[in-house]
Amino acid sequence: MNRSIKNRVVTGSFYFIFTLLAVGIFLPIWVLFIASFKPGGDLLQYGLNLDLNCARMNLDNYILLFSGQHEYWKWFFNSISLTVITVLGTLIISSFVGYGFAAYDFKGKKFLFILVLLILSIPLEVVMLPLYKQISSWKMMDSYTAIVLPFLAHASTIFFFRQYLLSIPRSLMEAGRIDGATEYGIFYRLIVPLMKPAFSAMAILNGMNAWNNYLWPLLVIRSSEKYTLTLGLNTLINPYGDNYSLLIVGSVFSVIPIFLLFVAFQKYFIEGMMAGAVKG
Amino acid sequence: MKKFFYSKKIAPYVFICPFVITVLLFWLVPICNGVLLSFQDVLKNKWVGFDNYSRLLTDKVFRRALWNSFKYMTGTLVLLIPFPLLFATMLNSRWIKKTEFFKSVYFIPALTSVVVAGTIFRLMFGESATSLFNQVLAVFGVSPVKWLKGAGTSFFALLLLACWRWTGVNILYFLAGLQSIPTDLYEAASIDGASGWQQFVKISVPLVKPTTVYVLTISVYAGLSMFLESNMLFKGNNSPNNIGLTIVGYLYRQGVEKRALGYACAVGLILLLVVMAVNLIQLKVTGTFEEGRD
């Protein structure tokens, strides 16, 4: 076969395969989106599908979302505040620790760093129940502190910052010392400004995880006025009443903030997600 | 005092301090407590020795949960490593140029929460003839299936959910790995007349191994500790004949729903041992230890 024709056939079939995959991956999102215009009762009865029955489609769910009697926006803003607290706290604490690992040689460093790696490989579910008991004996149940505090020094975030900071030459810190800066001053004045890309990647990753977090908040949070979006949405999944209207349109709106962030800061999403895959 | 705090000898420990406190308070203490609790009957408030563990050995439901978790882990390993690697190689090849759009679309599912993703899939796998997957079956003349009532079909739904969420991310992992392979290797190989497939098998696969080991490790971890996906798909922790029950699902059922904290902690420690063991075996088989020694 002629070489250029063969090339074109291969290129064409590659584009075909990847377009097909893209359609398949986008399909559930599309199905969710069109479902947000259908009556909630239809969903219970018919399930999710691709049908576009214009006569039955309307904006009722959106009207319900914006003007109905429900707690959706309360959950939404709870999630926003919890996400902001988590991200700020995690970035400050974990960058501090990551710097300690990257910038100094000290006794016990190797052991402690192995501990970081070890924690990375223990599922949270293993400690979940004893931790839950501990939190309740500290009378911290039903508080956002209990959701955030155990994970401020976050192993994978520490690991990422440490890797990132290893590339900063120690002579920079030495220069700071000669100029009379304290050890902490060096970190805040010289190093933190250099860490902007690392902060962005970790802010996105931790923000996304906090926004979507479900299992630990489910254990900790009791009162409905403290529900986050994922907890709240899950309470709508019962077959009584017309909750599915709110569930579907609420699900769409729960994805939107992350989606917008993704469109704006795609590079950081991917960088943050790739952080763990250390190249050999 | 101030001078002590600011000295170069002490500063590193101040920096590390939050981590040490976290490890002690939120990992070490809970794990130790978990071990202690696993020897107790918490409801009756008494020590029971190895009773919880010996009960686990004969617990058929737990065995079911173990089996389900292993089955799910194996399924995700088989589907979420070779195919993303193949797709990544194709995206990385000279045949295809504009890949940014595809990469963005493939990443989208990773943005959704388990609650939303699970709900979408549960409703797409609905029982009525009009749910998406029954409509697909109808195209082939197959009558509607109660997807989430049968062991095989619900396992398929679970795997499809996992593939939907993680195929794109794994493609990106492998792409990052492949891009670190020097291109002159491929050039030399094609001058020697190696076909695309030969280059894939002889160059890409061996050189991308560190990425493969990483993806394998997180897949083992995520596969064995899977819970929420099944919880969302089956609308709760109780599936017909426990077809969707996983190790963590059983831990949750015993510890939270039945308040048998001691028994649940024993399940948790078994999970810890299993994850550690599988990871060790996996690292041994893939030869990561040997490489580390060089």
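In this predicted model, 71 residues from chain A and 73 residues from chain B take part in the contact between the two chains; two residues are in contact if their C-beta atoms, placed from the backbone, lie within 7 Å. On the side of chain A that touches chain B, α1(A) gives the most, with 12 residues. Helices are DSSP runs (H or I, at least four residues) numbered from the N terminus. That side of chain A divides into 51 nonpolar, 16 polar and 4 charged residues. Here Ala, Val, Leu, Ile, Met, Phe, Trp, Tyr, Cys and Pro count as nonpolar, Asp, Glu, Lys and Arg as charged, and the others, Gly among them, as polar.

Residues are numbered from 1 along each chain as its sequence is written, and chains are lettered from A in the order in which they are written. Local features need pLDDT of at least 70, side-chain atom pairs count only at pLDDT 80 or more, and totals for chains, interfaces and linings use all residues.

Chain A has a domain 1 (1-68) and a domain 2 (70-278), with bounds from an automatic or database domain assignment. Their centres, taken over C-alpha atoms, are 32 Å apart. Where these domains of chain A meet, 14 residues of domain 1 are in contact with 14 residues of domain 2. On the domain 1 side, α1 (3-35), α2 (40-46) and α3 (60-67) of chain A each supply at least two residues. This side holds 9 nonpolar residues, 5 polar and no charged.

In chain B, helix α5 (residues 82-92) has several buried residues, among them P84(B), F87(B) and L91(B). A residue is buried if 20 or more other C-beta atoms, placed from the backbone, lie within 10 Å of its own. The cover over the buried residues of α5(B) includes α4 (60-80), α6 (100-107), α9 (151-179) and α11 (196-207) of chain B.

Key:
Buried ≥ 20, exposed ≤ 12 C-beta atoms within 10 Å, placed from the backbone.
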